[in-house]
Amino acid sequence: MSVAPESPSRLRVAVIQGGPSSEAGVSRASAAAVHQALTEAGHDVTRLELDTGIFEALLRGKFDVVHPAVHGAVGEDGCLQGVLEVLGLAYVGSDVKASAVAMDKVYARRQFELAELPVARGISLSRDAEKTPRAAAEFARQVVGASVVVKPSASGSAVGVSRHEADAPDAQVAAAIEAVWELGDAALVEHFAHGREVTCGVLDLQGEQAYALPPTEILAPNDAFYTFEARYAPGRSVHRCPAPLGDELTRRVQELALQAHRALGCRDLSRVDFVVGDGADASSCIVLEVNTLPGFTSTSLYPEAAAAVGIPFPRLCDALVRSAHRRGPSRRNAPLAFPGAVQS
């Protein structure tokens, strides 16, 4: 496997961090790591905060390329990407449409279903359409099944996600739905598919063939699942990369990761989360979601998987900004004269 060829040229790179999201702190940790890695790779790097001054800061900086290191609302959902499109800047990661669809789990599910990818049974519950959280919980369990996962339709890092076994009372599920409605307009309730938590990154550089990185199995022995705390608190999770899945299942996960990446129209990079069955269902794979801007500290899941195939962190970051720089800003149609316009 290879990444973009080395180049002696020095790029002016803006690394964008923060934003009005519950994951702003995570974003700043990613941005600090990317800043250091790109500096080691020989680039001129500036970190910018995602706030109301971002437009002016990007114009003033005269950057060659932008590396968003943002997670969650405004930064990962297409809003920031829209700003970069308006400014005509090259940037790392998926475009506006793919970012928006990937961030909205309801719309992403629809694309997975159209691509015939395996997903858990699920239903979207709008705060405006449902009578009460209790009624919503009862309806969801009738449709999805007794064991459910409740999650916000647009959030990351497992913020707001809860799991409920079949013996959990409806009041507990209702409270989880109500809490999710505080975060956004819709709750996604899916069948609680038991199994191993696995994630698989995709590297899709400009001008090269996309390929899947080694899958990683995630263990959180002291938590119910890979919660926000398990992700970021020291010692709360264990990553097994490459995941001990066996050759056949590894290939299956990697192929599904590529298909999910393509189904949403992603580019440059993504990380696809799965539940891989255990016991009698050991060969089953459920696609959960696609992260278009995964965590990017040197010990995050995506860089860990890249390192497992011989791509150190500075080289990975370098390859991503060079890929975006080669692609350049999005193409635009030349303005046409309006027919019949009065000539001055």
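Me: Is Glu 76 buried or exposed?
Reply: The model is predicted, and the values here are computed from it. Glu 76 is found in the loop between S3 and H3. Buried means under 20% relative accessible area. Glu 76 has 7% relative accessibility, so the residue counts as buried.

Me: How many Å apart in space are Glu 76 and Thr 292, C-alpha to C-alpha?
Reply: Glu 76 sits in the loop between S3 and H3. In sequence, Glu 76 and Thr 292 are 216 residues apart, and in space their C-alpha to C-alpha distance is 7.3 Å.

Me: Is Pro 68 buried or exposed?
Reply: Pro 68 has its place in strand S3. The limit for a buried residue is under 20% relative accessible area. With 1% relative accessibility, Pro 68 counts as buried.

Me: How many Å in space separate Pro 68 and Gln 17, C-alpha to C-alpha?
Reply: Pro 68 belongs to strand S3. Along the sequence Pro 68 and Gln 17 are 51 residues apart, while from C-alpha to C-alpha they are apart by 6.8 Å.

Me: What is the relative accessible area of Arg 12?
Reply: Arg 12 lies in strand S1. Arg 12 and Gly 61 are 49 residues apart in sequence and 8.5 Å apart in space, C-alpha to C-alpha. Buried means under 20% and exposed over 50%. Arg 12 is partly exposed, because its relative accessible area is 31%.

Me: Where is Lys 62 found, and what is its relative accessible area?
Reply: Lys 62 is not a glycine, yet has a positive phi of about 50°. Its place is the loop between H2 and strand S3 (65–68). Lys 62 is exposed, with a relative accessible area of 66%.

Me: Is Asp 268 buried or exposed?
Reply: Asp 268 also has a positive phi, near 70°, in a residue other than glycine. Asp 268 is found in strand S12 (residues 268–276). Its relative accessible area is 0%, so Asp 268 is buried.

Me: Which residue does a cis peptide bond join to Cys 241?
Reply: The residue is found in the loop between strand S11 (238–240) and helix H9 (247–263). Omega of the bond is about 0°. The partner of Cys 241 in this cis peptide bond is Pro 242.

Me: Why is the pair of Phe 296 and Phe 313 tilted?
Reply: The count of aromatic pairs comes to two. Planes under 30 degrees apart count as stacked, over 60 as edge-to-face and the rest as tilted. The ring centres of Phe 296 and Phe 313 are 5.8 Å apart, and the pair is tilted because the planes are at 50°.

Me: Which distant parts of the chain does this pair link?
Reply: Phe 296 and Phe 313 are 17 residues apart. Both Phe 296 and Phe 313 are buried. Together with Tyr 302 they form one aromatic cluster. The parts linked are the loop between strand S13 (285–291) and helix H10 (301–308), which holds Phe 296, and, for Phe 313, helix H11 (residues 313–327).

Me: Which element gives the largest share of the largest nonpolar core?
Reply: The largest nonpolar core has 30 residues, and those with the most contacts inside it include Phe 296, Phe 313, Leu 316 and Leu 320. Two or more residues come from each of strand S1 (12–17), helix H1 (24–40), H10 and H11. The largest share is seven residues, and the element that gives it is H11.

Me: How many residues does the second, separate core have?
Reply: Among the residues of this core are Leu 117, Cys 200, Ala 212 and Val 276. The size of this second core is 25 residues.

Me: Over which ring does the charged end of Arg 267 sit?
Reply: A charge sits over a ring in the case of Arg 110, whose charged end is 4.8 Å from the centre of the ring of Tyr 107. For Arg 267, the distance to the ring centre is 5.0 Å, and the ring is that of Tyr 91.

Me: Is H6 oblique or roughly perpendicular to H7?
Reply: Helix H6 (residues 133–144) and helix H7 (residues 170–181) have their axes 8 Å apart and pack at an angle of about 110°. Their crossing is right-handed. Angles of 65 to 115 degrees count as roughly perpendicular. H6 is therefore, relative to H7, roughly perpendicular.

How values were computed. Residues are numbered from 1 along each chain as its sequence is written. This is a predicted model: local features need pLDDT of at least 70, side-chain atom pairs count only at pLDDT 80 or more; totals for chains, interfaces and linings use all residues. Side-chain values use heavy atoms; hydrogens and water are left out. Rings of Phe, Tyr and Trp (its six-membered ring) pair if their centres lie within 6.5 Å; planes under 30 degrees apart count as stacked, over 60 as edge-to-face and the rest as tilted. Helices (H or I, at least four residues) and strands (E, at least two) are DSSP runs, numbered from the N terminus. Buried means under 20% relative accessible area, exposed over 50%, partly exposed in between (1.4 Å probe, protein chains only). A charge sits over a ring if NZ of Lys or CZ of Arg is within 6 Å of the ring centre and within 35 degrees of the ring normal. A nonpolar core is a set of buried Ala, Val, Leu, Ile, Met, Phe, Trp, Tyr and Cys residues joined through side-chain atoms within 4.5 Å. Axes are lines fitted to C-alpha atoms, for helices over the stretch in contact, and angles run from 0 to 180 degrees between N-to-C directions. Angles under 35 degrees count as roughly parallel, over 145 as roughly antiparallel, 65 to 115 as roughly perpendicular and the rest as oblique. A crossing is left-handed if the near helix is turned anticlockwise from the far one by less than a right angle, and right-handed if clockwise.
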